[in-house]
Amino acid sequence: DAFIRTIATAIDEKSPYTGDHGRRVVELSLMLAEAINRAKVEPFADIYFNEDGLNELRIAAWLHDVGKIAVPEHIMDKATKLDGRLDRIELLKTRFEVIKRDVEIARLRGGGHGGSGLNRNMTEAGSLDTVLDDLGDDLRFLVQANRGGEAMSDDDIERIRAIGNRTWYCGNERRLLLDEGEIEQLSIRKGTLSAEERNIISSHAEITHRMLSQLPFPKKMKQVPTIAATHHECLNGSGYPFGLKGDEISLQARILAMADVFEALTAPDRPYRKANTLPEALKILGFMVKDNHLDGDLFELFLREKVYLQYAEKELPGSCMDEAGR
């Protein structure tokens with residue numbers, strides 16, 4: 001048991017942003033299971049987790065992300081679209097500064113392109129000012145797009161490509177302002193991960209199942225590998241790694257799924273999003289239930305028994321304890 005906790009802590013510590021994720025998911029999963037044990041109405045009235053059942057769920061919750069041992073840190077912690085082992089937005093800012101410098105040189109020389117490489121008529125001082133203003137607007141747009149906080153429209157993506165197709169001079173070499181990789185990353189429509197990076201992240205669930213299936217769990221904990229590995233399955237069959245749907249997903253896995261989502265929504269330590277307040281997190285859970293991703297009966301119990309509030313009072317900072325959440 002101590003070794004399991006140690007492994008789970010090691011996985012969390014791979015990321016400086018999720019160091020307490022495993023423990024919080026365990027806490028919330030057990031809170032939900034205990035709420036089911038107290039339930040007097042259907043569909044949970046005849047369901048009861050005994051000590052062995054709670055222990056099986058607890059171990060699965062501790063190990064649900066063990067497959068992330070195979071996920072590179074620079075993908076798992078990717079806070080911005082251009083983030084890799086460093087955030088390339090800083091290199092982009094440098095390019096813009098070089099171009100601005102060349103425009104300023106052109107102004108001092110009384111016009112001309114000054115080596116900036118931009119296909120504009122910059123022979124007049126007024127047009128040079130316009131170029132500088134446009135450069136500033138374009139850079140601010142790219143910095144905002146890099147954060148991945150808002151969905152990208154077709155117009156946004158077209159603007160990124162237009163900016164990228166401009167040229168600049170690096171020494172005597174004429175280059176495109178953005179390379180294809182940068183254009184592709186900045187054009188990610190939602191969030192900070194590309195489709196390929198999302199697949200790498202998603203693979204952790206299947207790896208979790210492969211790893212845990214090799215361990216000789218005792219009979220009373222034989223479902224640990226399946227429970228742990230299926231916490232990203234959705235009732236409508238759109239989840240992973242197995243594409244399970246409906247009753248193919250165990251109640252324990254549904255509990256773990258809700259705990260994992262709610263913890264992520266309210267966690268104060270994520271680099272790619274600020275923590276949601278309780279009302280915001282509950283609203284998002286409601287949408288996920290409506291889309292048949294999460295279990296609606298479990299969500300009703302979550303609300304009725306105020307499990308979310310019990311968790312928040314124990315785990316969340318005061319800034320998340322919006323009065324509307326009570």
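**Exercise 1. Are helices α1 and α3 roughly parallel or roughly antiparallel to each other?**

The model is predicted, so local features need pLDDT of at least 70 and side-chain atom pairs count only at pLDDT 80 or more, whereas totals for chains, interfaces and linings use all residues. Residues are numbered from 1 along each chain as its sequence is written, and side-chain values use heavy atoms, with hydrogens and water left out.

Step 1. Helix α1 covers residues 2–13 and helix α3 residues 51–63, helices being DSSP runs (H or I, at least four residues) numbered from the N terminus. Their axes lie 8 Å apart at an angle of about 30°, where axes are lines fitted to C-alpha atoms over the stretch in contact and angles run from 0 to 180 degrees between N-to-C directions.

Step 2. Angles under 35 degrees count as roughly parallel and those over 145 as roughly antiparallel, with 65 to 115 roughly perpendicular and the rest oblique; α1 and α3 are therefore roughly parallel to each other.

**Exercise 2. Describe the backbone and exposure of Asn-292.**

Step 1. Asn-292 is not a glycine, although its phi is positive, about 65°.

Step 2. With a relative accessible area of 35%, Asn-292 is partly exposed, the class between buried (under 20%) and exposed (over 50%), using a 1.4 Å probe and protein chains only.

Terms used: Helices (H or I, at least four residues) and strands (E, at least two) are DSSP runs, numbered from the N terminus.
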